Amino acid sequence: MKIALLGYGKMGKTIEKIAIERGHTIALKVDKDDKDYDISDIDVAIDFSIPAAAVNNITNCFNAGVPVVSGTTGWLEYYAMIVNLCKEKKGSFIYSSNYSLGVNLFFELNKKLAKMMSPLEGYDISMEEIHHTEKLDAPSGTAITLAEGIIKNTDKNDWQLEKGDETTIPIVAKRIDKVPGTHTVTYSSEVDDIEIKHTAHNRSGFALGAVVAAEWLSNKTGVFSMKDVLGL
């Protein structure tokens, strides 16, 4: 496939390496300040740009009839608009807050645990996420996805950064140099703690998942998720 990389930071460079190893061609690289580019001769675009550029990048893809895989976080107030535009243009779109295959299994484990814990009394739910100091948004999109999975399966109705209450999930966001991503969900009571944790060792897992999603999305129409890609 001929792939466009929309965003050519550290993630973009890792995606490039893995895509080439899997036999694909990187036909276009768009950096964060590039606004005028021709995407018409591209098979699929992978967007790991910045929040301010993501909507424009995705819109350009739909207008050109190019499937797009987006991993940029921090722009989701426009998600419904993007979904509607994708349907209007009969486009192809996957968004995930995290493309790591392991993290997407972790998302499902998180929902299963929340459902199991929901009937039990006396447990407080909390979350912690740790990322590198260059990450712009907090909490991470992955942490928000985890929180949403808990909210759908418990009596919690929202999340809050740093501190919560009886109806919300507190998310502590830490920024430490060179940490690719660590997410921990804890159920704590007077008698014990139950904890699930995912620790990324490098960016390769995220990049591989994005390339796998791009391969899967080719020749499809609609709005999909990593659950579709993995058959979960």
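## Glu134 and Lys10

In this predicted model, the side chains of Glu134 and Lys10 form a salt bridge with an N to O distance of 3.1 Å; the term denotes a side-chain nitrogen of Lys or Arg within 4 Å of a carboxyl oxygen of Asp or Glu. Glu134 sits in the loop between strand E6 (124–131) and helix H5 (141–151), and Lys10 belongs to helix H1 (residues 10–21), so the contact ties together parts that are 124 residues apart in sequence. Helices (H or I, at least four residues) and strands (E, at least two) are DSSP runs, numbered from the N terminus.

Lys10 is partly exposed, at a relative accessible area of 45%. Buried means under 20% relative accessible area, exposed over 50%, and partly exposed in between (1.4 Å probe, protein chains only).

## Other salt bridges

The structure holds 8 salt bridges. One of them joins the side chains of Lys17 and Glu21 at 2.8 Å, N to O. These two residues are 4 residues apart in helix H1, a separation of about one helical turn, and both are exposed.

Lys174 and Glu128 also meet through their side chains in a salt bridge, at 3.0 Å, N to O. Lys174 lies in strand E8 (residues 168–175) and Glu128 in strand E6, so this pair ties together parts that are 46 residues apart in sequence. Lys174 is partly exposed at 36% relative accessibility, as is Glu128 at 26%.

## Basis of the values

Residues are numbered from 1 along each chain as its sequence is written, and side-chain values use heavy atoms, leaving out hydrogens and water. Local features need pLDDT of at least 70 and side-chain atom pairs count only at pLDDT 80 or more, while totals for chains, interfaces and linings use all residues.
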